[in-house]
Amino acid sequence: MHLKYCKNHWCQKYESYDMKPFKIVSNSIDETQSAGQRLGNLLKKEGKPFTIYLFGDLGSGKTVFVKGLASAFGILPRDIGSASFVIIAEYESVPRFYHVDLYRIEGEDSLESIGVWEYIDSDGVTAIEWADRLTEIPEGGVKVSLSISGDNKREIVIEGVDETDWHNMQTRMD
């Protein structure tokens, strides 16, 4: 892992992912949570810190996805809530798991005051909801975009993970 300078702070530069984004379709809340768990299992297998940047409208399933993601690290889904009022929730797991919700954050000063860059540069797994509020997205993280395409149907686009690895992980879990 290397460090590079990112707008007023140092950040980790992970191996560059030049992987094509891929799309999966979720037909239920359970499938969205399961997709998060699959991603968590895949990242856990990598054995290094990661930041997952989540994008999507209100109600698109970001927190549901994070519940699944966290479950791969032994955190019960019921323990993950929308962090909108807490902003940053830390969980004791190996590696440590951080859930950051930037819904109520606006501007660089607010980002600096909550120390968001330290979580991005941490030695744990950091899931950031409303990542579009960041002034920049550092290289190397995993981007997850969720969009509503029906009552419980969601399109989930994942970038920064090899699609073959994703499908291999899915096969092992099924």
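Trainee: Y119: buried or exposed?

Mentor: Buried means under 20% relative accessible area, exposed over 50%, and partly exposed in between, with a 1.4 Å probe and protein chains only. Y119 has a relative accessible area of 17%, so this residue is buried. This is a predicted model, in which local features need pLDDT of at least 70 and side-chain atom pairs count only at pLDDT 80 or more, while totals for chains, interfaces and linings use all residues. Residues are numbered from 1 along each chain as its sequence is written, and side-chain values use heavy atoms, with hydrogens and water left out.

Trainee: How many aromatic pairs are there?

Mentor: Rings of Phe, Tyr and Trp (its six-membered ring) pair if their centres lie within 6.5 Å; planes under 30 degrees apart are stacked, over 60 edge-to-face, and the rest tilted. By this rule there are 4 aromatic pairs. In one of them, the ring centres of Y98 and Y119 are 5.0 Å apart and the planes are at 70°, so the pair is edge-to-face. Helices (H or I, at least four residues) and strands (E, at least two) are DSSP runs, numbered from the N terminus. Y98 lies in strand β6 and Y119 in helix α4 (residues 116–120), so their pair ties together parts 21 residues apart in sequence. Y98 is buried too, at 7%.

Trainee: Which residue forms an aromatic pair with Y103?

Mentor: W130 does; the pair is tilted, with 4.9 Å from centre to centre and 50° between the planes. Y103 is in the loop between β6 and α3 (107–114), and W130 in the loop between β7 and β8, 27 residues apart. Y103 is partly exposed at 30%, whereas W130 is buried at 9%. Elsewhere, ring pairs link F73, Y91 and F97 into a cluster.

Trainee: What lies over the face of W130?

Mentor: A charge sits over a ring if NZ of Lys or CZ of Arg is within 6 Å of the ring centre and within 35 degrees of the ring normal. Here K62 lies over the W130 face, at 4.0 Å from the ring centre. K62 is also one of the buried residues of α2.

Trainee: How many residues of helix α2 are buried?

Mentor: Of the 10 residues in α2 (residues 62–71), 7 are buried, and the helix is mostly covered. Contact means heavy atoms within 4.5 Å. The buried residues of α2 pack against α1 (29–46), β4 (50–56), β6 (97–101), β7 (125–129), β8 (142–148) and β9.

Trainee: How many salt bridges does a search of the whole structure find?

Mentor: Side chains of opposite charge can pair when their charged atoms come close. The test is a side-chain nitrogen of Lys or Arg within 4 Å of a carboxyl oxygen of Asp or Glu. The search finds 3 salt bridges. One joins E155 and K23 at 3.7 Å, N to O. E155 lies in strand β9 (residues 154–159) and K23 in strand β3 (residues 22–26), so the pair ties together parts 132 residues apart in sequence.

Trainee: Which residues do salt bridges with shared partners join into one network?

Mentor: R96 meets E90 at 2.8 Å, N to O, and E92 at 2.6 Å, N to O. Through shared partners, E90, E92 and R96 form one network. E92 is exposed at 69%, while E90 is partly exposed at 42%.
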